[in-house]
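Try each task before you read its solution.

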Amino acid sequence: MTLTVSGLRVVRAGRTILHSTSLSMSPGDRMGLVGSSGSGKSTVGHALIDDLRGQGHSVSHVPQSPDEALDPLRSMAFHWREAERALGGVDVDRAALFSALGIDGGDMGKRPWGWSRGMQQRFVIAMALIGTPDLIVLDEPTSALDPVVAAASMDLLERHLQGRDTAMMLITHDLGLAARRVSQLMVMAEGRVVERGATEDILARPQSVAARALTAHKSWAMVPC
Amino acid sequence: MIAALAGLLLRAVVVLFGTALLTFALLWNSPGDPAQAIAMARFDALLTDDVIDQVRVEAGLDRTFWVAFLDWLGPLLRLDFGHSSVTGRPVWPDLSNAMGYTFPLALAALVIGIGVSLPLAYLATRRPGGWLDRASVAVATLGTAIPAYWLGLLLILIFAVHLAWLPAMGARTPAHGILPAVTLGLGVAASLTRIIRSGILEARARPFLPALRRRGVGSAAIGRDHVAPHAAVPVLTVLGLELAFLLEGLVLVEAIFGRPGLGSFLVTAIMARDFPHVQAVVVLTALIFVTVNLVIDVAYRILDPRIGGRDA
């Protein structure tokens, strides 16, 4: 089922922070949303989630850091049960999901801070995969992790998604991450999508000022993730 | 957890012993001649040196400090508080009689305090900055600023003198306890409201809550499972301090309403230099404090093991 939104627009306090944006994704698509800080990437993510949910699609969200997803006073088991309940008791093969993401060794009785940050983030990703959603939106999913752990997490996620219909949207300011993980890119600046196309094309021949600024720093080619 | 509990217990014992020693030393070295004060309290007449010396021997005031301290501490460990140096009667029956007036009052004040502040804070934080919120902050601030003796007199004036609904003095019937309990309870409610309110507001600003909402967790479940535990941490901290204010207020309120509780017991004992009585009250108060704080510390560690803990 193709996911389509049109005319997404966000106005806050009289100011348009997201100008009318449309996009469509097919099952299994890998879309990247890049732009500098404050360009409106996360706003698109949130508006997209709300809109698609309104249409009856299942969409999950992985925030930037596990601190923004997990309550430090609650155990991992509690978080898991809560997420299952929120999704209405769908059938979940937790063991398979955990081993796919490499967190089957984690002690579910512990609270988040009893786990490493990399494992916490993969746990959050696992929660987002409960019920195999139509779309998973990853909002800067690796910026709180060190590059090696981040790369491993993304590898595990990609392997898990392979052959499934879940589409992925990766919101990031890290072009290196986008270059390796997504096939299509949308470049944002000042609340507008200023460029979109295949990832290689944009990286090789950036047209907009924003895309050129992002690709100007070639150091993105060096980072492992 | 067991090691932490043992550490907490050890700390409690040290605090109790320290309090006992300090009180004893302070009283022992207090200015004036305690034997003379005791003799005056006993006989209420002009006294000769012989009588005073005899009282000194009877009250054990002729011993050295350490002998006297150990003579007192030994029986205390078996919960024997000794005998009054004024009346010569055992301390415990009089003390427990006084506690019978004070503890129900303290409990009622605490129930009123929590019963008023919890719903008020909850309602106030439903719309932060709304009129109810601002009114509750104003009332709570005013309530903290008003001293218990002033509020007590005001309540007596309104409900006992003008309206004549409730008795003002004494402790014969449960109705006698209403005004003192309200006086103390409103003070507790005032400070608790502020703490609970800011606790709830702080808990609601936690960074993980938007993600929970986006995950589809209902707002009732978020309030119960996430906001409430986070709001409880600062409230627990203050509850221990609240008890200190409560005990302080009790002494005044008992005096205002003429109740024969621990407060009156302590004041009378200090006036008469009845050391065993004073020491008994101080040790008892310290015991209550240490116990409550021990319970709070344990509750803390269950709620958030990061506090003072080493592992999850």
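Helices (H or I, at least four residues) and strands (E, at least two) are DSSP runs, numbered from the N terminus. This is a predicted model, in which local features need pLDDT of at least 70 and side-chain atom pairs count only at pLDDT 80 or more, while totals for chains, interfaces and linings use all residues. Residues are numbered from 1 along each chain as its sequence is written, and chains are lettered from A and ligands numbered from 1 in the order in which they are written.

**Exercise 1. Describe the overall build of chain B.**

Step 1: Count the elements. Chain B has twelve helices and zero strands.

Step 2: Look at the extent. A box of roughly 85 × 60 × 30 Å along the principal axes holds the C-alpha atoms of chain B.

Step 3: Check burial. A residue is buried if 20 or more other C-beta atoms, placed from the backbone, lie within 10 Å of its own, exposed if 12 or fewer, and partly exposed in between. Of the 312 residues in chain B, 32% are buried.

**Exercise 2. Compare UniProt features with the model.**

Step 1: Read the record. UniProt positions are given in the numbering used here, feature names are shortened, and annotations may be inferred rather than shown by experiment. The unreviewed UniProt entry places "transmembrane region" at several spans of chain B, including residues 101–125 and 137–165.

Step 2: Take each span in turn. Residues 101–125 of chain B are 96% helix and 0% strand, with end C-alpha atoms 36 Å apart. For residues 137–165 of chain B, the figures are 83% helix, 0% strand and 30 Å.

Step 3: The unreviewed UniProt entry puts "domain: ABC transmembrane type-1" at residues 99–296 of chain B. That span is 81% helix and 0% strand, and its end C-alpha atoms lie 23 Å apart.

**Exercise 3. How do helix 5 and helix 8 of chain B pack?**

Step 1: Two packed helices are described by the angle between their axes and the distance between the axes. Axes are lines fitted to C-alpha atoms, for helices over the stretch in contact, and angles run from 0 to 180 degrees between N-to-C directions.

Step 2: Helix 5 (residues 91–124) and helix 8 (residues 178–204) of chain B pack at about 35°, their axes 7 Å apart.

Step 3: Sort the contact residues. Ala, Val, Leu, Ile, Met, Phe, Trp, Tyr, Cys and Pro count as nonpolar, Asp, Glu, Lys and Arg as charged, and the others, Gly among them, as polar. The contact of helix 5 with helix 8 of chain B has 20 nonpolar, four polar and one charged residue.
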